[in-house]
Amino acid sequence: MQLNILQEIINLKNSKKEFSVITDTKTSKTYIFFANKPIDINLKSFETEINKLYNSRKDGMIKDSDLFIKHYHRPIKVVIVGAVHISQYFVEYAKPLNLDINIIDPRGYFASEKRFPNVRIINLWPQEAFQHCPLDDKTALIALTHDPKIDDPAIHEALKLKCFYIGALGSKKTHENRCKRLMENGFKEDDIKKIFGPIGIKFGGRSAPEIALSIIFQLMTEIYKK
Amino acid sequence: MINTFDEKILDEAQQWIEQKKTVILATVIQTWGSSPRPIGSLMIVNDSGDFSGSVSGGCVEGEVVRQCMDLIKDKDKFKKIEFKVSDESAWNVGLACGGEIAIFLEKFSDAA
């Protein structure tokens, strides 16, 4: 692999781009492939097969060639509401995973960079924060403040934009009350049922790091289901 | 949805190169039967014999390091190696899981 290609791969990964790397195993020459950019002239005759593997996101040898393709996936966007203790462990445990974590908290003393180094923190109320960090059906929304003033508007937005995973912290009772409020606000029961509340996989742990772990496990399970 | 773990191995390779080390990248390019690590798994080896990442569950890494060290001394820039099911002799290097893998070894260099 050429050194300039190595540098380019690192830069593309850091800027959260989606791309593939194609290696010619007869020469070790390496190419970077983007779905929406013209293909290198040397790869032109394999374009159909390359696109096939790119679309299925499968790593492997390209049919009837000496070319090997490896994909670099865009990280999955996760928006956490609440720069709380659990969020700190979530960030810590999620480091080796391919997640793009954004934390929203209107409370400045929680949302400090010292508490969350190297994480994107948005020190605004959810409605304003979503203008800088929009939700969609490929985003996960995790509400951890258990303060309805902050969590509820975020959950409203997540339900409207059909986030693939919505989880909310709080006891069964807290969650029942949350569901009631959502019904009063006109959300349908079927949609409300999709919210993971109380959040996380039950395994007995109740400390902040254990809850963080149980949320990550639940989130990853949902990622692989979609 | 497809998620991968956030592989830092190329960043590590870059750091070794900055330290003026010769570095080999090993990639699992083909597998047959059950193999411990999927196609696309990466490992790096430098001229001090340090390695990072994995191409199997620990079954063949030692042999891969040795092959990489040979390639570092060689004028060739790349080679393909294969591992098959280990035979009766427990001393043989091979995959106990019964699979087969092909690994592509390549030097990082100014030009391919």
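Predicted model: local features only at pLDDT ≥ 70, side-chain atom pairs only at ≥ 80, totals over all residues.

Glu63(B), for its part, is buried, at a relative accessible area of 17%.

In one of them Arg74(A) pairs with Glu18(A), the closest N and O atoms being 4.0 Å apart. What does this pair tie together? Arg74(A) lies in the loop between S4 and strand S5 (76-81) of chain A, and Glu18(A) in the loop between H1 and S1 of that chain, so the bridge joins parts that are 56 residues apart in sequence. Arg74(A) counts as partly exposed at 48% relative accessibility, whereas Glu18(A) is buried at 18%. Both belong to a network of salt bridges that also links Arg57(A). Another bridge is formed by Asp191(A) and Lys194(A), whose closest N and O atoms are 3.4 Å apart; here Asp191(A) is partly exposed, at 22% relative accessibility, and Lys194(A) is exposed, at 56%.

Now to chain A as a whole, which has eight helices and nine strands, and whose C-alpha trace spans about 65 × 40 × 35 Å along its principal axes. Of its 226 residues, 52% are buried. If we take the contacts in chain A between residues at least 6 apart in sequence, 55% of them join residues at least 24 apart.

That brings me to the interface, where 37 residues of chain A are in contact with 28 residues of chain B. The two chains bury about 2900 Å² between them, and 62% of that area is on carbon and sulfur atoms. Met1(A), Leu3(A) and Leu6(A) supply 20% of the area that chain A buries against chain B, which is more than any other three residues do. How many salt bridges are there between chain A and chain B? The count is zero, although six residue pairs, both members at pLDDT 80 or more, are in polar contact across the interface. On the side of chain A that touches chain B, the elements giving two or more residues are helix H1 (3-14), strands S1 (19-24), S3 (60-61) and S4 (67-72), and helix H8 (208-225). Among these, H1(A) gives the most, with six residues. By class, that side of chain A has 16 nonpolar, eleven polar and ten charged residues.

Finally, the cysteines: a search of the whole structure finds zero disulfides over all chains. The sulfur of Cys133(A) has its closest cysteine sulfur in Cys163(A), at 9.8 Å, which is too far for a bond, and Cys133(A) is buried, with a relative accessible area of 0%. In chain B, the sulfur of Cys68(B) is 16 Å from the closest cysteine sulfur, in Cys59(B), again too far for a bond, and Cys68(B) is likewise buried, at 0%.

Note on methods
Residues numbered from 1 in each chain as written. Chains lettered and ligands numbered in written order. Heavy atoms only, no water. Disulfide = S-S within 2.5 Å. Buried < 20%, exposed > 50% of the residue type's maximum accessible area, 1.4 Å probe, protein only. Contact = heavy atoms within 4.5 Å. Buried area = accessible area lost by both parts, 1.4 Å probe. Salt bridge = Lys/Arg side-chain N within 4 Å of Asp/Glu carboxyl O. Polar contact = N/O pair within 3.5 Å; in protein donor to acceptor, adjacent residues only side chain to side chain. Helix = DSSP H or I, 4+ residues; strand = E, 2+ residues; numbered from the N terminus. Nonpolar A, V, L, I, M, F, W, Y, C, P; charged D, E, K, R; others polar.
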